[in-house]
Amino acid sequence: MQIEEVHQKLQTIGKEALPLLPQFKEKESYACIDLSIGHEVSHTFDLSKQSELAAFVEQEMKRLQVPVLWGGYLEQRHLYSGSEIFRAGKLPRDIHLALDFWAEAGTEVSAPIPGTVHSFKLNPGNKDYGPTIILAHNLAGLHFHTLYGHLAAADLPKLEVGMPIQAGEIIGHLGNESENGHWSPHVHFQVMLKMYGKKGDFPGVCSRNELELMRKNCPDPTFLLRPVG
């Protein structure tokens, strides 16, 4: 299936989608930010340092007067240069394959579309996902998965593989830095067509030489999201 057809199907599914962060239903609650290499923020903040990333997120929320900042699909970012898990291999992994939604720790995360629990896992490494949930979906003739990373540890024990999840059902909460992989609170939301046998985890960042393959397997999640999509 061509990526354009996948995007068309996701857009059709997304017309019925509910908000990922259900307490923020209005578009005015969101502002898009750019964390890519070369953007002006890179000249004033070292985003590979958690303290400076946190300071930037707080600054932008106050400046833009919104509770949620979002963005990041296919951004090449400096954020990952401070962690060993992104430096293995010939080329660094620094291209983001998902969307991030930055908000206060404890913010509820819901499934925007119906599905079932595919897998879940605690990924505890520094700058890893922390608590992670993956749902499986079969809608509009498209079989795919969605990943929710950097959640709270208390969200995982209530889950069972195969458990049905309704659209709008609360599946988690934004974890704090001590449990979410040592990040400013946010949820990493990613779409995957194939899981390649992985459970509770999937690469959320790729290198330049992997981009073409990963882009086709991890299409733009924006099509599924309201009110920002």
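View A. Cys218 is buried, and its relative accessible area comes out at 0%. This is a predicted model, so keep that in mind for every view here. Look for the closest cysteine sulfur to Cys218 and you land on Cys206, 8.0 Å away, which is too far for a bond. A disulfide would need the two sulfurs within 2.5 Å. By that rule, the disulfide count is zero. Cys206 is in no disulfide either, with the sulfur of Cys218 as its nearest cysteine sulfur at 8.0 Å.

View B. Asn217 belongs to helix α3, which covers residues 211-217. Is Asn217 buried or exposed? It's buried, at 5% relative accessible area. Leaving aside residues up to four places away in sequence, Asn217 touches Val191, Met192, Leu193, Lys194, Tyr196 and Phe202. Pick out Met192 from that set: 25 residues separate it from Asn217 in sequence, yet the two C-alpha atoms are 5.6 Å apart.

**View C. The open sheet, strand by strand.** Eight strands make up an open sheet with mixed pairing, in the order β1-β2-β4-β11-β8-β7-β6-β9. At the edges you'll find β1 and β9 (164-165), each with a single partner strand, so one side of each has no neighbour in the sheet. Further in, β7 and β8 run antiparallel and are joined by eight bridges. On that pairing, Thr132 sits opposite Gly149 in β8.

View D. With β1 (residues 30-32), β2 pairs in the parallel sense over three bridges. With β4 (residues 99-102), β2 again has three bridges, this time in the antiparallel sense. Which residues face Trp70 across these pairings? Cys32 stands opposite Trp70, and over in β4 the bridge partner is Phe101.

**View E. Phe101 in the largest nonpolar core.** The largest nonpolar core has 37 residues, and Leu20, Leu21, Phe101, Val109, Phe144, Tyr148 and Val187 touch the most other members. At least two residues of this core come from each of α1 (3-14), β2, β4, β7 (130-139), β8 (142-149) and β11 (186-192). Helix α1 gives the most, with four residues. Zoom in on Phe101, skip residues up to four places away in sequence, and you get contacts with Leu20, Leu21, Tyr30, Val68, Leu69, Trp70, Leu174, Pro185, His186, Val187, Leu225 and Val228. Another core, of 17 residues, lies apart from the largest one; among its members are Ala31, Leu35, Met61 and Leu79. In soluble globular proteins, nonpolar side chains tend to be buried together.

**View F. Aromatic rings and a lysine over a tryptophan.** Searching the whole structure turns up five aromatic pairs. Tyr30, Trp70 and Phe101 form one aromatic cluster. Elsewhere in this view's theme, Lys127 places its charged end over the ring of Trp183, 4.3 Å from the ring centre.

Conventions
Residues are numbered from 1 along each chain as its sequence is written. This is a predicted model: local features need pLDDT of at least 70, side-chain atom pairs count only at pLDDT 80 or more; totals for chains, interfaces and linings use all residues. Side-chain values use heavy atoms; hydrogens and water are left out. Two strands pair if DSSP finds at least two bridges between them. Buried means under 20% relative accessible area, exposed over 50%, partly exposed in between (1.4 Å probe, protein chains only). Contact means heavy atoms within 4.5 Å. A nonpolar core is a set of buried Ala, Val, Leu, Ile, Met, Phe, Trp, Tyr and Cys residues joined through side-chain atoms within 4.5 Å. Rings of Phe, Tyr and Trp (its six-membered ring) pair if their centres lie within 6.5 Å; planes under 30 degrees apart count as stacked, over 60 as edge-to-face and the rest as tilted. A charge sits over a ring if NZ of Lys or CZ of Arg is within 6 Å of the ring centre and within 35 degrees of the ring normal.
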